[in-house]
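This report goes through selected local features of one protein model. Please keep the sequence and the coordinates at hand while reading.

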Amino acid sequence: MESQRLALRKLIEQEVYRTKEQERTIPNVVEVGWIFDFKRILLRAEALDGISELFWEKCQAEYPFQIGGIETAAIPLVTAFTLKLREKGRRANGFFIRKSRKKHGTLRMIEGAVTDEKIMLVDDTLNTGQSFIRQVEVIEGLGKKVDAVFAILRYRDESYYDYFHTKGIKLFSLFELNDFKDSIGVKNEIDKKKSPVPAPFVPSWIFRSKNPDYYQVVPKSAPVIDDTKVYFGSDNKSFWALNQSDGSVAWEYKTLFGSPKRRAFSSPILYEKMVYFGAGDGNVYALDTETGKRKWIFMEADWVRSSPCIAPDLGLIFVGLSFGFWEKRGGIVAIDAATGIKKWEYKMPKFIFSPPAYSKKNAVVVCSCNDFSVYGFNAKTGALLWNFKTGGKVKESFAFEERRGLVCFGSFDSYVYILKTKTGELVHKIKTNEAIRSTPLIHNDCVYIASMDKNLYCIDLGTGTVVWKFATRGRILASPEIVGDKIYIGSNDARLYELDAQTGKNTAFFQATERITNKIAYNKITDTLFLPTFANEIYCLKKKSPGG
């Protein structure tokens, strides 16, 4: 067995270990200077056989167990390990976890059955542990427990991994970096802090609406809250009001029509004890927040993907409409908030997905169209004030800095735009590396906006320069929210990140199971976060008490 260990160690030194001179195109190689790329050997029969033998020697005292892991490295490892156990006269169930839910066919998150046996998760490397943490949360979402994790190579001392120790999860590895410090000059990563723990948040309840649409990986209906309830729309055409105290249903309202691809994706707004939202049946609804009874319905569109916004001083609701006519594709409408009567309308050449936004100081409402244009209107009359052309669609909403008279938004052309609210004149244009489908947040003279390049950007409003950016492990479609001095942003990696607003430092996170494509809602009185996922789930998150 020692000969196999020595052979594998030599193979790692010669072929798995790669320097920036050898791999110039991999970002983290350029940054760190090296990488261990086990995928170079994980489809070789002799390498897998040797790793499997060493795995069995290391972990056989834990048997019986089943073996699973996250794609892609775990797929050959799980296959090889289950076959090796069969060769040893043992049986082991195998499964693998997708990095994100499949978008077609069966839509599964896990391939293969997870049984009631002990669970051993396997991967090629163990660094900060974030990949394994994601897997643990998925497994616990099934009501099961992970007993152990195994990696070929561990980067840090075992004392670092508090997350696993507190959950009673055993750690196994064939090598650690210190095993290679003399031969290739790497040594265990040093970090004074322990492994990232998804504290300080724990879910006090989780609500799951039935029949979520897993095909639509887009921003859906974000929750809004009043003092006692949470309101949001779901893919099964139900609009929900939940009691914040325990997640129970206060009332449910079923929208009228709409095809399976045009469901209640509009995010609601609250005003004067009414909740307003648009639906895939082409209607805009106003419901009583206490009873769920309909106050009025506006029925002129074919579908409403846009979310409404409110001008309280004018008593008007603004919302984008979409139509199925060749000569009439989209438009923005102003509706009397109390009666549902149309006050003005402006027709546009393409569909409207963008939620309008209202600047009270300038009496301007801003909306975009899929013709790559952003429009500024007189909020009272609907008169067009200006039209600004971008290089891509603008599908999300806008943020105003009223003191400076600025409006900010992101486009599918990958740019963040900052314009003058009154005139539409360009002030700043900031490049990201991918399309933007996130509504910006303005706080303390900074713009916080996410890009599908997986980064959240903090941009100085005055100079248009990037102050900091924070990288997640998935594309970001969600929008940021501010709570105190912390920014909260969700990602397609199913993680809610808490960041220091000034520095972008990650101070905590919560790991969900499904993608997060909308922003949180926050109740200041109860200090509670309401986290949505694209699977029509709402997590009620409470902060842990000190030492809890």
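## Model and conventions

This is a predicted model, in which local features need pLDDT of at least 70 and side-chain atom pairs count only at pLDDT 80 or more, while totals for chains, interfaces and linings use all residues. Residues are numbered from 1 along each chain as its sequence is written, and side-chain values use heavy atoms, with hydrogens and water left out.

Helices (H or I, at least four residues) and strands (E, at least two) are DSSP runs, numbered from the N terminus. Buried means under 20% relative accessible area, exposed means over 50%, and partly exposed lies in between (1.4 Å probe, protein chains only).

## Salt bridges

Side chains of opposite charge can pair when their charged atoms come close. A salt bridge is a side-chain nitrogen of Lys or Arg within 4 Å of a carboxyl oxygen of Asp or Glu. The search of the whole structure finds 28 salt bridges. One of them joins K118 and E62, with the closest N and O atoms 3.8 Å apart. This pair links distant parts of the chain, 56 residues apart: K118 is in the loop between β5 and β6 (119-126), and E62 is in the loop between α3 and β3. K118 is partly exposed because its relative accessible area is 32%, whereas E62 counts as buried at 13%.

E111 and R108 also form a salt bridge, the closest N and O atoms being 3.1 Å apart. E111 is buried at a relative accessible area of 15%, and R108 is partly exposed at 40%. In the salt bridge between K295 and D288 the closest N and O atoms are 3.8 Å apart; D288 is buried, with 16% relative accessible area. A network of salt bridges links D49, E53, K84, E87 and K88.

## Positive surface patch

K39, K99, K454 and R473 form a positive surface patch. Patches are made of residues with over 30% relative accessible area and no salt bridge, with like charges joined within 9 Å and nonpolar side chains (Val, Leu, Ile, Met, Phe, Trp, Tyr) within 5 Å.

S209, in the loop between β9 (201-208) and β10 (224-225), is buried because its relative accessibility is 4%. Its side chain contacts the side chain of S234 at 3.3 Å and that of W240 at 3.1 Å.

Q244 sits in the loop between β12 and β13 (249-254) and is buried at 8% relative accessibility. A polar contact of 2.8 Å joins the side chains of Q244 and N523.

## Backbone geometry

Where are the cis peptide bonds described here? One runs from Y63 to P64, with omega near 10 degrees, and P64 is in the loop between α3 (45-59) and β3 (66-70). Another runs from E71 to T72, with omega near 5 degrees; T72 is in the loop between β3 and α4 (74-87).

K237 is not a glycine but has a positive phi of about 75 degrees. It lies in the loop between β11 (229-233) and β12 (238-243) and is partly exposed at 25% relative accessible area. N536, also a residue other than glycine, has a positive phi near 65 degrees. The loop between β39 (528-532) and β40 (537-543) holds N536, which is buried at 4% relative accessible area.

Conventions: Accessible areas come from the Shrake-Rupley method with a 1.4 Å probe; for residues, only the protein chains shown count as cover. Lys and Arg count as positive and Asp and Glu as negative; His and the chain ends are not counted. The place of a charge is taken as NZ of Lys, CZ of Arg, CG of Asp or CD of Glu. A polar contact is a pair of N or O atoms within 3.5 Å; within protein, one must be able to donate a hydrogen and the other to accept it, and residues adjacent in sequence count only if both atoms are side-chain atoms.
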